Amino acid sequence: MGKEIFYGIIPGILIFLLFLGVNIAPFVVFGAVLAGIYFLMARQGGGNMGGLATRNKSSRHTVPKTNVTFADIGGQERAKKELKESLDFLIHKDKIEQYGIRPIKGVLLAGPPGTGKTLMAKAAANYTNSAFLAASGSQFVEMYVGVGAQRIREMFKEIRTMAEKNGQSSGIIFIDEIDVIGGKREGQQQREYDQTLNQLLTEMDGIATNDKPRILVMAATNRKDMLDSALLRPGRFDRHVTVDLPDKAARQQILTIHTENKPLADNVILEQIAQETFGFSGAQLESVANEAAIYAMRDNASKIERKHFSYAVDKVMMGEKVDREATGEEKRRVAMHELGHAIASELVRPGSVSQVTLSPRGQALGYVRQNPMEDRYLYTRDALEKQIIVCLAGAVSEEIYYGGRSTGSKNDFEQALGMAQEIVQSGMSSLGIVNMKLVDNNRVHEEVNRLLENLLEQTREMLKKYDHVYQTSVSILLEQEVLHGDFFRDLLKQDTANAELAM
Ligand code: ADP
């Protein structure tokens, strides 16, 4: 009621002032500006400025108790073990007090996107029976100074209330993309994020061993190197858990988790799919399982079959099939380009071609799917050079059959350049061990060029001999749009045998 009376009095006073001959224009303008700011802040949801400013909690994800457990996370054994060890500090609170140990206040999960960092935080809340509150760094970046800091304060208040209400003795706050607010501070310029970050640090510094409920802050980032050192100091985020892309066994586990509720045909071997999905994150594998089920449903199949998984892997890797039709001549050129990759791939690594496809998907007009033999984390110069040859072979094919390159090789060259640079940076080139900061850029550039020119020449020599394979495969590829690895290998073998006979 008070508010209505207040709103009524204002025009009354204004009319009275007008009646007295006072110029009320400045008051009206000032009032309008104030009302505008008030309205905008209320919309942003951060302001605690009375009745209108209802807090917008929808952007935040509050879960009193999550139902994700560590068993729902495939692989990541080391990360899970490290995290559980940190969490024991929450579980055995009394012991910690007894020994006078400083509590762990922050755990930083570092790793690429989609590797299960959010899942880990949820599982941690479940494991410790804690209240759980999640937010993302980008939600704290606002136009108005102070709003982010206020949101941090509110979050700490909210988690305490939530834990108390649920009778839980601890609470976990999870901040995804912490690098958005916790990036390195350069120079003196003040940014809105600084206040937000300061507030977070203040709140964390305020956490004490005997706090009830005990608060643990978990944060995730894929740019640990970008974080401000203030965040990583002891007593703040001093526990770091690295979450990596899954290896083959982990990929199989993740696929098992995500296909548990799906009808699989007998010809689906998850180990094989795990083998083909080198470099996929947990999120991508979840997507593969889901897309395969969608393809099976579209086919009206009673079970999800091997081919559905194959389509799904392609879709997740390359994007949805597009209806873009290439012209006849363009199609032939793409086919020759892809066959170049495929022949080179088989020659440098026999058995490596899984499929050659000529249907446009995402940005690519065609592609070769390679079977990774095994997960590798170390590459020798020889292995890198072989992979560069495979990359260059597309452009070399175009040169041989069309007399020049096309824009279709841009991506290949980027990859080849990346690998050539890797050779130089790892001290495997003729420059020896180099300090990349001190070495002359031109020298690196020249060395990379020399490496690539050499490999281009080798690729040319290699592919020239396989004209027959090109000609037979291209007509099949143009007609059927796919060429399976085994069939392609047979063609190549036959051709090699014929060539040897002719000699
Ligand atoms: P991040 O926080 O690292 O970006 P998320 O935890 O949000 O990744 O993962 C997104 C989704 O991907 C999860 O909901 C889950 O379906 C799937 N996922 C990711 N990693 C795993 C894993 N290790 N085991 C099972 N599922 C996973």
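**Conventions.** I am working from a predicted model, in which local features need pLDDT of at least 70, side-chain atom pairs count only at pLDDT 80 or more, and totals for chains, interfaces and linings use all residues. Residues are numbered from 1 along each chain as its sequence is written, and side-chain values use heavy atoms, with hydrogens and water left out.

**Overall.** I counted 19 helices and nine strands in the protein; these are DSSP runs numbered from the N terminus, helices being H or I with at least four residues and strands E with at least two. The protein has 503 residues, and 44% of them count as buried (under 20% relative accessible area; exposed is over 50%, partly exposed in between; 1.4 Å probe, protein chains only). I then took the contacts (heavy atoms within 4.5 Å) with a separation of 6 or more: residues 24 or more positions apart account for 75% of them. I found an accessible surface of about 26,600 Å², with 54% belonging to carbon and sulfur atoms (Shrake-Rupley method, 1.4 Å probe; for residues, only the protein chains shown count as cover).

**Helix 3.** I checked the length of helix 3, residues 77-91: its 15 residues should span 21 Å at 1.5 Å a residue, and the end C-alpha atoms are 20 Å apart, which agrees. The expected span is 1.5 Å times one less than the number of residues. I listed its buried residues as Ala79, Lys80, Leu83, Ser86, Leu87 and Leu90. The spacing recalls a general point: an α-helix has 3.6 residues a turn, so residues three or four places apart point the same way. Among the elements that the buried residues of helix 3 pack against are helix 4 (93-99), strand 2 (106-110) and strand 4 (170-176).

**Helix 12.** I repeated the check on helix 12, residues 282-298, where 17 residues should span 24 Å and the end C-alpha atoms are 25 Å apart, which agrees. Its buried residues include Leu285, Val288, Glu291 and Tyr295. Helix 10 (248-259) and helix 13 (306-318) are among what covers the buried residues. After helix 12 I noted Asn300, with a positive phi near 60°.

**Ligand.** A backbone N or O atom lies from a ligand oxygen at 2.8 Å in Gly114, at 3.2 Å in Thr115 and at 3.1 Å in Gly116. The ligand taken alone exposes 560 Å², and the protein buries 81% of that.

**Ile388.** I placed Ile388 in helix 15, residues 381-402. Ile388 counts as buried because its relative accessibility is 0%. Beyond four places in sequence, Ile388 touches Ala416, Met419, Ala420, Ile423, Leu452 and Leu455.

**Val268.** I found Val268 in the loop between helix 10 and helix 11 (270-276). Val268 is buried, with a relative accessible area of 11%. Leaving aside neighbours within four places, its contacts are Ile273, Ile304, Glu305, Arg306 and Phe309.

Notes
A polar contact is a pair of N or O atoms within 3.5 Å; within protein, one must be able to donate a hydrogen and the other to accept it, and residues adjacent in sequence count only if both atoms are side-chain atoms.
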